[in-house]
Amino acid sequence: MNKRNRESNNFKSFKGLTPRVRFAPSPTGYLHVGNARTALFNWLFARQKKGASILRVEDTDVERSQDKYEKKLREDLQWLGLAWDEGPESGGEYGPYRQSSRLDIYKKYTQKLLKNKRAYYCFCSKEELEKERETALAAGKMPIYSGKCRTIPPDKARERIKTGEEAAVRLKTPGKGTLEFNDLIRGELSFKLNLFGDPILVRPNGLPAYNYAVVIDDHLMHISHVIRGEDHIANTVRQILTYRALDFPIPQFAHLSMVMGEDNTRLSKRHGATAVDQFNKDGILPSSLFNYLALLGWSPPEGKEVLTRDEIIELFDIKKVSRSAAIFDYEKLSWLNRQHIKKLSPREKAEMAAPHLHKAGLLPDEMSESLWKWLEEAVDALIERVNKFADFPAAFSMLFDFAIDKMGAEEKEILQTECGRKVTLALEERLLDEAEFSYDVLSRISGDIKTETGCKGKDLFHPIRVALTGKVSGLALDKFILLVESGAGLDFPTPLKNCSARVSEIIKKIYGF
RNA sequence: GCUCCUGUCGUCUAGCCUGGCCCAGGACACCGCCCUUUCACGGCGGCGACACGGGUUCAAAUCCCGUCGGGAGCGCCA
């Protein structure tokens, strides 16, 4: 960040009004973290400034747009906690909010532009244009439309259309001079207009092109701040030219940097989980993703990074957003997720973990209240060892998997030592005398075992741990014993073995009697 | 190829506009120690960066010039 001037332009028409921002995705696929961040920054800006947020669906690409994607998009946004003041579902006074329902509106303005000679019909075929492009590229120039249809007189053009010829509508651009605009994030930006050809406003099929529909919609929806990805910087030039031709006031722009994958290329499926939906399925809390996405390119003034939605709304500052691309770091998201998980109540944690455990076949279809109680304790005990809720089935193997055949070498070795043998056998014997087993009982009998076997310290407790859990590491024994003993009486699809059953099994399988 | 954007620890960033408080601060990750009769959690500490080269200046991460790297755009896709 340097000397760039980030003073706001304060366009007359928006001065004093509350800001209005929009998120305008096209329903052609799942919501990606990159897009989600754009949505988030728009939403934060609106919330903080007490402005309005608008969701607009850009579905003019008939080939690729699908209703199911729009629905999924809205679900994902809602899951993230981004509710829009106006949109296809919520309505609003500047609708409709789907571009496919606004075709008549665009037509009206096209007629105006044609009449004012700010736009013209273009009869060039795709093939012709492609050839032009290739020649330009081969000559090392930027491929720009020659503008040859500009000179066709309007009445001639209308005649040709009447005879059934297909025509696009293009905007007449200056083709010289420079255009400057102030970007909220990047400062003053300047472009040479001879590098911009006349953009297509309307395709021959009558549908508006992106750059055209956006301008009309943003104006009609009274958008004051256009916050979007960096990939739109060049489009902004075309759009400002269109604003001018239409005599619309120009909004403020802010271009966000891209979100990259680990290899510093644009994020895609190749990089693993990048769809918002996937984080939901993985058991990442929406508040964690929200928090992480906000931190991607923005940092809170005090340096406190684990933040709630409300804190972020309060602290966020679009002018403090970084201008360089950021790499999506799953590790940090995981850490944030752990921080957010910690704030949940035991019941909330259990409820988040339950679907994953059920899916893994560890919980029955019907959950009794005693099962819920047990689950709360189990989840609470294991929560520190988990990044996301989808990790719970693996964490629960500590409790449910007591497979001696699959026991590790280190564990077997411990059981085969002299102390290992003596301690395990002594433990079984004592266990037979106890009606109920608990950590208190263990504390008591471990003293007896110590005297009896002469094994102490590591030699004593290591075998006990392995004999009980089947593992060298894991939960503290007090928690473990409590969960296993209380869970043994509960109705799990895979029964939970109690401590004495475990020790007996070890003795049978490892020592052979 | 051309145009635009961008470049501080491995990663996200603070600092840059208004040069000295910066032999660069925080967070994640990593490593070590402590806690714990295990592992994890937690606590403490460590490693680690101003892309490079010139210039201006008493003084440069900060200002200027150049080089190099990364990204994006160049559609009748959004």
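**Salt bridges, strands and an RNA surface**

Reader: Starting with Arg 150, what is its relative accessible area?

Author: In this predicted model, Arg 150 has a relative accessible area of 32%, so it counts as partly exposed.

Reader: Which residue does Arg 150 form a salt bridge with?

Author: The partner is Asp 198, and the closest N and O atoms of the two are 2.8 Å apart. This pair links distant parts of the chain, 48 residues apart. Asp 198 sits in the loop between strand S6 (187-192) and strand S7 (200-202), while Arg 150 sits in the loop between H4 and helix H5 (154-162).

Reader: And Asp 198, buried or exposed?

Author: Buried, with a relative accessible area of 4%.

Reader: How many salt bridges does the whole structure have?

Author: The search finds 34. One of them joins the side chains of Arg 56 and Asp 217, at 3.7 Å from N to O. Arg 56 is in the loop between strand S2 (52-55) and helix H2 (67-80), and Asp 217 is in helix H6 (residues 210-220), 161 residues apart.

Reader: Are those two buried or exposed?

Author: Arg 56 and Asp 217 are both buried.

Reader: Which residues are in the network of salt bridges with them?

Author: The linked residues are Arg 22, Arg 56, Glu 58, Arg 102, Asp 217 and Asp 218.

Reader: What about Glu 70, which side chain does it meet in a salt bridge?

Author: That of Arg 98, at 2.8 Å from N to O. Glu 70 is in helix H2 and Arg 98 in the loop between H2 and helix H3 (103-115), which puts them 28 residues apart. Glu 70 is buried, with a relative accessible area of 5%, but Arg 98 is partly exposed at 25%.

Reader: Which side chain has a polar atom 3.1 Å from a base nitrogen?

Author: Asn 235, with RNA strand B supplying the base nitrogen. There is also a backbone contact to a base: a polar backbone atom of Leu 475 is 3.4 Å from a base oxygen of RNA strand B. On the phosphate side, a backbone N or O atom of Gly 297 lies 2.9 Å from a phosphate oxygen of RNA strand B.

Reader: Which elements give two or more residues to that surface?

Author: Helix H4 (126-138), helix H7 (233-246), strand S11 (326-327), helix H11 (330-342) and helix H18 (458-469). H11 gives the most, with 5 residues.

Reader: Gly 474 next. Where is it?

Author: Gly 474 is in the loop between H18 and H19. With a relative accessible area of 25%, Gly 474 is partly exposed.

Reader: Which residues is Gly 474 in contact with, leaving aside its neighbours in sequence?

Author: Beyond four places in sequence, Gly 474 is in contact with Arg 385, Met 398 and Arg 465. Met 398 is one of the buried residues of helix H14 (residues 392-400).

Reader: Last topic, strands. How many bridges join S5 to S6?

Author: 6 bridges, with strand S5 (residues 178-183) and S6 running antiparallel. Thr 178 has Lys 192 in S6 as its bridge partner. The two strands form a hairpin with 3 residues between them.

Reader: And which strand does S8 pair with?

Author: Strand S9 (residues 252-256), in the parallel sense over 5 bridges. His 225 stands opposite Gln 252 in S9. Strand S8 (residues 225-229) is mostly covered, with 5 of its 5 residues buried.

How values were computed
Residues are numbered from 1 along each chain as its sequence is written. Chains are lettered from A and ligands numbered from 1 in the order in which they are written. This is a predicted model: local features need pLDDT of at least 70, side-chain atom pairs count only at pLDDT 80 or more; totals for chains, interfaces and linings use all residues. Side-chain values use heavy atoms; hydrogens and water are left out. A polar contact is a pair of N or O atoms within 3.5 Å; within protein, one must be able to donate a hydrogen and the other to accept it, and residues adjacent in sequence count only if both atoms are side-chain atoms. Helices (H or I, at least four residues) and strands (E, at least two) are DSSP runs, numbered from the N terminus. A salt bridge is a side-chain nitrogen of Lys or Arg within 4 Å of a carboxyl oxygen of Asp or Glu. Buried means under 20% relative accessible area, exposed over 50%, partly exposed in between (1.4 Å probe, protein chains only). Two strands pair if DSSP finds at least two bridges between them. Contact means heavy atoms within 4.5 Å.
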